[in-house]
Amino acid sequence: MTRWLIFFRPGDIVLILLAAFCVVASFPLFWSSGVGERAVIRVDGEIFREVALDRAATIVVRGALGETRIEIEKGRARVAADPGLRQYCVRQGWLSRAGAIAICAPNRVSLSIVGRHEIYDSLNY
């Protein structure tokens, strides 16, 4: 097992350690989404309401299948009830980070959290 170590020079080991450090250091820089400030509720792709995440509220949204109930608490929001069969958006739980989203596709309702800075991911391209 140690026979392959003879092929490494001191500069190789320094380069490997430097690359590993850069990867670890880039995680908080590139993969942090920040704190959410507002909840954006959409119905049929159109903005229904934007709500600040600074106080508690309950919002009932009428979608294609029926009513979706969204609960907002200080710093977080969730889809509490939805008429869809699989309940994927309800299972998302509490959303608090910017860029988080819960989509109730059958009812055409979505809840997303936005922050101070725009968050881009593969869905935006």
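Is R76 buried, partly exposed or exposed? R76 is partly exposed, with a relative accessible area of 29%. Here buried means under 20% relative accessible area, exposed means over 50%, and partly exposed lies in between (1.4 Å probe, protein chains only). The model is predicted: local features need pLDDT of at least 70, side-chain atom pairs count only at pLDDT 80 or more, and totals for chains, interfaces and linings use all residues. Residues are numbered from 1 along each chain as its sequence is written, and side-chain values use heavy atoms, with hydrogens and water left out.

**View 1. The whole chain has two helices and seven strands.** Along the sequence the pattern is α-β-β-β-β-β-α-β-β. Helices (H or I, at least four residues) and strands (E, at least two) are DSSP runs, numbered from the N terminus. Of the 125 residues in the protein chain, 26% are buried.

**View 2. R76 meets both E73 and W94.** A salt bridge joins R76 to E73, with the closest N and O atoms 2.9 Å apart. E73 is partly exposed, at a relative accessible area of 32%. Salt bridges that share partners also join R69, E71 and R78 into one network. A salt bridge is a side-chain nitrogen of Lys or Arg within 4 Å of a carboxyl oxygen of Asp or Glu. R76 also lies over the face of W94, at 4.0 Å from the ring centre. A charge sits over a ring if NZ of Lys or CZ of Arg is within 6 Å of the ring centre and within 35 degrees of the ring normal.

**View 3. Strands β3, β4 and β5 are joined by antiparallel pairing.** Two strands pair if DSSP finds at least two bridges between them. Six bridges join β3 (residues 57-62) to β4 (residues 67-73). Within this pair, V61 stands opposite T68. Four residues separate the two strands of the hairpin, and G66 in the turn has a positive phi of about 160 degrees. Five bridges join β4 to β5 (residues 76-81). E73 has R76 in β5 as its bridge partner. The hairpin of β4 and β5 has two residues between the strands, and G75 takes a positive phi near 85 degrees.

**View 4. A salt bridge links R38 and E50.** Their N to O distance is 2.9 Å. R38 lies in strand β1 and E50 in strand β2, so the pair ties together parts that are twelve residues apart in sequence. R38 is partly exposed at 32%, and E50 is partly exposed at 41%. The structure has six salt bridges. One of them joins R55 to D54, with the closest N and O atoms 3.9 Å apart.

**View 5. D44 and Q87 each have a positive phi.** Most residues other than glycine have a negative phi. Phi of D44 is near 55 degrees. D44 sits in the loop between β1 (38-43) and β2 (46-52), and D44 is exposed at 51% relative accessibility. Phi of Q87 is near 60 degrees. Q87 sits in the loop between β5 and α2 (88-91), and Q87 is partly exposed at 24%.
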